[in-house]
Amino acid sequence: MTLWPLLLALELGEADSELAERLKRREPQAMADLYHRYGRLAYSLILRIVRDPQMAEDLVQETFIRVWSRAQAFDSERGALGPWLLAVARNRAIDYLRSVDGRMARSSYELVEMENPALFANLESQVMVSELAGRVRGAMSKLNGSQRSVIELAYFEGLSQTEMAEKLGQPLGTIKTWVRTALKNLREELGVAASV
């Protein structure tokens, strides 16, 4: 399962209200604490998306700079700091992939699964105890391979349904059905709104 970074951020999120307030006060130590808490998670998520360790490091830096500069806009009533930071990281990575530089880097080598189990060794043991992680794993495992694939392509690569159709060599209508069915199944299993 590759959603561990987000799930761990949800687990850590309850302790983030005080950290968010410190960031808003522009305390330099708050930034260091934020990086200590979420730097590895952000890197793992970005690396999973861009598949380039050097670029992942750069995008992590950009992510934390963006969070620092937009800390005043963060509202802890609307969500937790960790998932917000990881959403910023994910968006930065997807923006990079959609940029000219990202397209050039992706075309220079074949995209292969580059998950390094060492990146997730400690993360997995922490998340495995989470009820939420179990629910998400269970819901994802109930999806068929096609449905799971389109959810991962949308989340990790930021592909549109048209781009998924091209990548998977399937008609657009088939992709739309897979996405719609996958989201319906996830909603039913998790009891929450699911979106791509």
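Reader: Leaving aside its neighbours within four places in sequence, which residues is Val-67 in contact with?

Author: In this predicted model, Val-67, which has its place in helix α4 (residues 53-69), is in contact with Leu-34, Trp-84, Leu-85 and Val-88 once those sequence neighbours are left aside.

Reader: Why does Val-67 count as buried?

Author: A residue is called buried when its relative accessible area is under 20%, and Val-67 has a relative accessibility of 1%, so Val-67 counts as buried. Across the protein chain, buried residues make up 42% of the 196 residues.

Reader: What is the distance between Val-67 and Leu-34 in sequence and in space?

Author: Val-67 and Leu-34 lie 33 residues apart in sequence, while their C-alpha atoms are 9.8 Å apart in space.

Reader: What makes the contact between helix α3 and helix α5, and how do their axes cross?

Author: The axes of α3 (residues 28-50) and α5 (residues 81-98) come within 9 Å and cross at roughly 35 degrees, and the crossing is right-handed. Among the residues that make this contact are Leu-34, Tyr-38 and Leu-41 of α3, together with Leu-85, Ala-89 and Arg-90 of α5.

Reader: How many residues of each class does the contact of α3 with α5 have?

Author: By class, there are 16 nonpolar residues, one polar and one charged. Arg counts as charged and Gly as polar, and the contact includes Arg-90 and Gly-82 of α5.

Reader: How many helices and strands does the secondary structure of the protein chain come to?

Author: The secondary structure of the protein chain comes to 11 helices and zero strands.

Key:
Residues numbered from 1 in each chain as written. Predicted model: local features only at pLDDT ≥ 70, side-chain atom pairs only at ≥ 80, totals over all residues. Heavy atoms only, no water. Axes fitted to C-alpha atoms, helices over the stretch in contact; angles between N-to-C directions. Helix = DSSP H or I, 4+ residues; strand = E, 2+ residues; numbered from the N terminus. Left-handed = near helix turned anticlockwise from the far one by under 90°. Contact = heavy atoms within 4.5 Å. Buried < 20%, exposed > 50% of the residue type's maximum accessible area, 1.4 Å probe, protein only.
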